[in-house]
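Here's a quick tour for anyone opening this one up for the first time. Keep the viewer handy and follow along.

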Amino acid sequence: MDALRGNFRDTMNLLGKTTPARAFNAAKVLSSYYYSRLVKKPSHWALPTSISIEPTTSCNLRCPECPSGLRSFTRPTGMLQADLFKKVIDELADTLSYLTFYFQGEPYLHPNFLELVQYASNKKIYTATSTNAHFLTDDMAKRTIQSGLDRLIISIDGTTQETYQAYRVGGKLDKVIEGAKNIVRWKKELKSASPFVVFQFLVVKPNEHQIEEVYRLAEEIGVDHVALKTAQIYDYEQGSDLIPTIDKYSRYQKNADDSYSIKNELTNNCWKMWQSCVITWDGKVVPCCFDKDAQYVMGDLSKQSFKEIWQSEKYNDFRASLLRSREEIEMCRNCTEGTKVWA
């Protein structure tokens, strides 16, 4: 019952931030998406309902399927500047419903991360972030509650240190649990319903036997929700030690010749190209979270307004290529998301 109440409160919190302007914008996004699919030509009559913005590319861990963890970026590493962030939020605040403070890197490594959250929260935008929770000290947990953050996703990919560190290389499970407890305690102390706390469990072969245990751990701590996430594997064709043996948690299927392929059909459409985008720490606008190394830059916010980029010929040409043949776009070939509305 506590989990149901938590989900209900979170849903009502999100709906409570809806304004007529945001609702109208969402309706225009939805209608322009379906119209574009119908005529097989991109049209866009609105601004995104959701964006992700990257506080930093820096990270304290070395996860094996993460460019931040592998230190494999070709793009520069750095920290989001407050002036750039405020420029984007000021332009989009009237129509933006959901803001995720995450792309690559660990958000809490940004020295002014919670001040950025507070700025967006003050404009009644629903805010979320994803963290490895190693920096949720008692003071940082208190400040997180006070910032107005609406959703806190904590990555916890194992319930024992041995299993956890198999993927979260360099991580300490006791720090994650301590950080989660600090957040839950300060929510109670400050009588705050937010943030909605999620344990995100990335299901891979080394940890799939601990799925039930993560639910028990979340209940013991007082976490609001457990989300099981399937893993994106970069070199999946010949298999990987990370691909789960439990089929429903794998994005990939084994073929007769022992090779692997993505389960879902690569359809020629993508909801995210109409509904959302990602902004890197240095102001580059990229189409989605699968473009981790920013290979498909649609524009630069240090030189253009967001609206100019979003409605540009370059962006519409990219949307057109998705409607024409999505498999021609390299980052889309390993994508198992994007086609579902509200995904």
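**A first look around**

Thr144 sits in helix H6. Before going further, keep in mind that this is a predicted model.

**Thr144 and its surroundings**

- Thr144 has 0% relative accessibility, so it counts as buried.
- Setting aside neighbours within four places in sequence, Thr144 is in contact with Tyr108, Leu114, Leu136, Leu149 and Ile183.

**How H5 and H6 pack**

- Two packed helices are described by the angle between their axes and the distance between the axes.
- Here the pair is helix H5 (residues 113-121) and helix H6 (residues 138-147), whose axes come within 9 Å and cross at roughly 20°.
- Angles under 35 degrees count as roughly parallel, and H5 and H6 are therefore roughly parallel to each other.
- The crossing of H5 and H6 is right-handed.
- On the H5 side, the residues that meet H6 are Leu114, Glu115, Val117, Gln118 and Ser121. Their partners in H6 are Met140, Arg143, Thr144, Gln146 and Ser147.
- Sorted by class, this contact of H5 with H6 has 3 nonpolar, 5 polar and 2 charged residues.

**Aromatic rings**

- How many aromatic pairs does the structure hold? There are 13 aromatic pairs.
- One of them joins Tyr33 and Trp271 edge-to-face, with 5.1 Å centre to centre and 70° between the planes.
- That pair links distant parts of the chain, 238 residues apart: Tyr33 is in helix H2 (residues 20-39), while Trp271 lies in the loop between strand E8 (260-262) and helix H10 (272-275).
- Are Tyr33 and Trp271 buried or exposed? Both Tyr33 and Trp271 are buried.
- Trp310 and Tyr315 also make an edge-to-face aromatic pair, at 5.2 Å centre to centre and 70° between the planes.
- Trp310 and Tyr315 are both buried.
- There's a cluster too: ring pairs link Phe85, Phe101, Tyr108, Phe113 and Tyr119.

**Ser36 in helix H2**

- Ser36 belongs to helix H2, the helix that also holds Tyr33.
- With 0% relative accessibility, Ser36 counts as buried, because anything under 20% relative accessible area does.
- Not counting residues up to four places away in sequence, Ser36 touches Lys41, Pro42, Ser43, Trp274 and Leu323.

Conventions. Residues numbered from 1 in each chain as written. Predicted model: local features only at pLDDT ≥ 70, side-chain atom pairs only at ≥ 80, totals over all residues. Heavy atoms only, no water. Axes fitted to C-alpha atoms, helices over the stretch in contact; angles between N-to-C directions. Helix = DSSP H or I, 4+ residues; strand = E, 2+ residues; numbered from the N terminus. Parallel < 35°, antiparallel > 145°, perpendicular 65-115°, else oblique. Left-handed = near helix turned anticlockwise from the far one by under 90°. Contact = heavy atoms within 4.5 Å. Nonpolar A, V, L, I, M, F, W, Y, C, P; charged D, E, K, R; others polar. Phe/Tyr/Trp six-rings, centres within 6.5 Å; stacked < 30°, edge-to-face > 60°. Buried < 20%, exposed > 50% of the residue type's maximum accessible area, 1.4 Å probe, protein only.
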